[in-house]
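Please consult the sequence and the model alongside the points below.

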Amino acid sequence: NRHGEECIAAFESGCWECPQCRGSCGPGCTSCCNCGPCRKKLEMEPTRQVVNLAKHNGFTNVHDYLIHIVTGETPEVIS
């Protein structure tokens with residue numbers, strides 16, 4: 001999925017926060033929300049449809065792939 005979260009587990013945790021509200025999760029992440037409108041607010045280009053590119057490069061979600069582009073880290077390191 002777009003954010004790399006297990007929806008049911010996130011809901012059941014009781015402490016889930018929407019990606020837009022949580023901001024950055026660490027190095028390489030400007031904002032956990034990578035939807036077009038949020039990226040535009042941060043003066044970033046929208047990602048468009050990169051899920052297949054992310055999967056082709058070994059990532060399970062777009063969020064981790066975008067971190068990889070900045071940091072060069074592998075899917076194993078980012079997870």
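Helices (H or I, at least four residues) and strands (E, at least two) are DSSP runs, numbered from the N terminus. On this basis, the protein chain reads α-α-α-α-α-α along the sequence. Its radius of gyration is 12 Å, close to the 12 Å that the globule rule gives for 79 residues, so the chain is as compact as a globular protein of that length. The radius is taken over C-alpha atoms, and the globule rule is 2.2 Å times the number of residues to the power 0.38.

The model is predicted: local features need pLDDT of at least 70, side-chain atom pairs count only at pLDDT 80 or more, and totals for chains, interfaces and linings use all residues. Residues are numbered from 1 along each chain as its sequence is written, and side-chain values use heavy atoms, with hydrogens and water left out.

**Overall fold**
- The protein chain has six helices and zero strands.
- Along its principal axes, the C-alpha trace spans about 30 × 30 × 25 Å.
- Buried residues (under 20% relative accessible area; exposed is over 50%, partly exposed in between; 1.4 Å probe, protein chains only) make up 28% of the 79 residues.

**Core and aromatic pair**
- The structure holds one aromatic pair. The rings of Phe59 and Tyr65 have centres 5.6 Å apart and planes at 65°, so the pair is edge-to-face. Rings of Phe, Tyr and Trp (its six-membered ring) pair if their centres lie within 6.5 Å; planes under 30 degrees apart count as stacked, over 60 as edge-to-face and the rest as tilted.
- Phe59 and Tyr65 are both buried.
- Beyond its neighbours within four places in sequence, Ala54 is in contact (heavy atoms within 4.5 Å) with Phe59, Asn61, Val62 and Tyr65.

**Cysteines**
- There are zero disulfides (pairs of cysteine sulfur atoms within 2.5 Å) in the structure.
- The closest cysteine sulfur to that of Cys32 is in Cys25, at 3.8 Å, too far for a bond.
- Cys32 is buried at 3% relative accessibility, whereas Cys21 is exposed at 54%.

**Loop positions**
- Ser31 lies in the loop between α2 (19-22) and α3 (36-41) and is buried at 17% relative accessibility.
- Thr74 lies in the loop between α5 (62-71) and α6 (75-78) and is partly exposed, with a relative accessible area of 37%.
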